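Here's a short tour for anyone meeting this protein for the very first time. Have a look at the model, then read on.

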Amino acid sequence: MSERWVIHLPVVVNDVVSAQRLARVVAHWIHVLPQTEPGGTTVSPEDDQNVRHWVFCDRLLPGGVRCLLRPDHDGECSRRFRLR
Ligand SMILES: [Zn+2]
């Protein structure tokens, strides 16, 4: 059995963009827990959890760290967390 598990945390928002935005906030706060992988955060409709939408761009930056912006962001990748 895999040692990797997924925590499903239902939230109430109006659309996928709002869900992604909220998930970025949650991921930002939860990154202090070393067991978590915030860059792998996805959101899905509760009644269709096989359809997942990425929350972060997650491209690699120099030094091997990952971009913290939304998946389809404009401009260059960044480690600076931005609410949008
Ligand atoms: Zn990026």
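Let's start with a term: two residues are in contact if their C-beta atoms, placed from the backbone, lie within 7 Å. With neighbours within four places in sequence left aside, alanine 23 is in contact with Thr41, Val43 and Val55.

A word on ground rules. Residues are numbered from 1 along each chain, as its sequence is written. The model is predicted, and local features need pLDDT of at least 70, side-chain atom pairs count only at pLDDT 80 or more, and totals for chains, interfaces and linings use all residues.

**The overall picture**

Helices, H or I with at least four residues, and strands, E with at least two, are DSSP runs numbered from the N terminus.) Along its principal axes, the C-alpha trace spans about 35 × 35 × 20 Å.

How much of the protein counts as buried? Of the 84 residues, 12% do. Here a residue is buried if 20 or more other C-beta atoms lie within 10 Å of its own, exposed if 12 or fewer, and partly exposed in between, with C-beta atoms placed from the backbone. As for contacts between residues at least 6 apart in sequence, 20% join residues at least 24 apart.

Helix H1 covers residues 16-30, which is 15 residues, and reaches 20 Å from its first C-alpha to its last, close to the 21 Å expected at 1.5 Å a residue. That expected span is 1.5 Å times one less than the number of residues. Which residues of H1 are buried? They are Gln20, Ala23 and Arg24. Seen down the axis of H1, these buried residues fall within an arc of 105°, so they line one face of the helix; the arc is that of the directions from the helix axis to the C-beta atoms. They pack against E1 and E2.

In soluble globular proteins, nonpolar side chains tend to be buried together.

**Two loop residues**

Glycine 39 sits in the loop between H1 and E1. It is partly exposed, with 18 other C-beta atoms within 10 Å. Beyond its neighbours within four places in sequence, glycine 39 is in contact with Phe56, Asp58 and Arg66.

Serine 44 belongs to the loop between strand E1 (42-43) and strand E2 (53-54). It is partly exposed too, with 14 other C-beta atoms within 10 Å. Again leaving out neighbours within four places, serine 44 is in contact with Gln49, Val51, Arg52 and His53.

**Out at the ends**

Asparagine 14 lies in the segment before H1 and is exposed, with 7 other C-beta atoms within 10 Å. Aspartate 72 is in the segment after E2 and counts as exposed, with 7 C-beta neighbours inside 10 Å.

Finally, here are some pairs, with distances given C-alpha to C-alpha.

| Pair | Apart in sequence | Apart in space |
|---|---|---|
| Serine 44 and proline 10 | 34 residues | 9.6 Å |
| Glycine 39 and alanine 23 | 16 residues | 11 Å |
| Asparagine 14 and glutamine 49 | 35 residues | 17 Å |
| Aspartate 72 and proline 34 | 38 residues | 27 Å |
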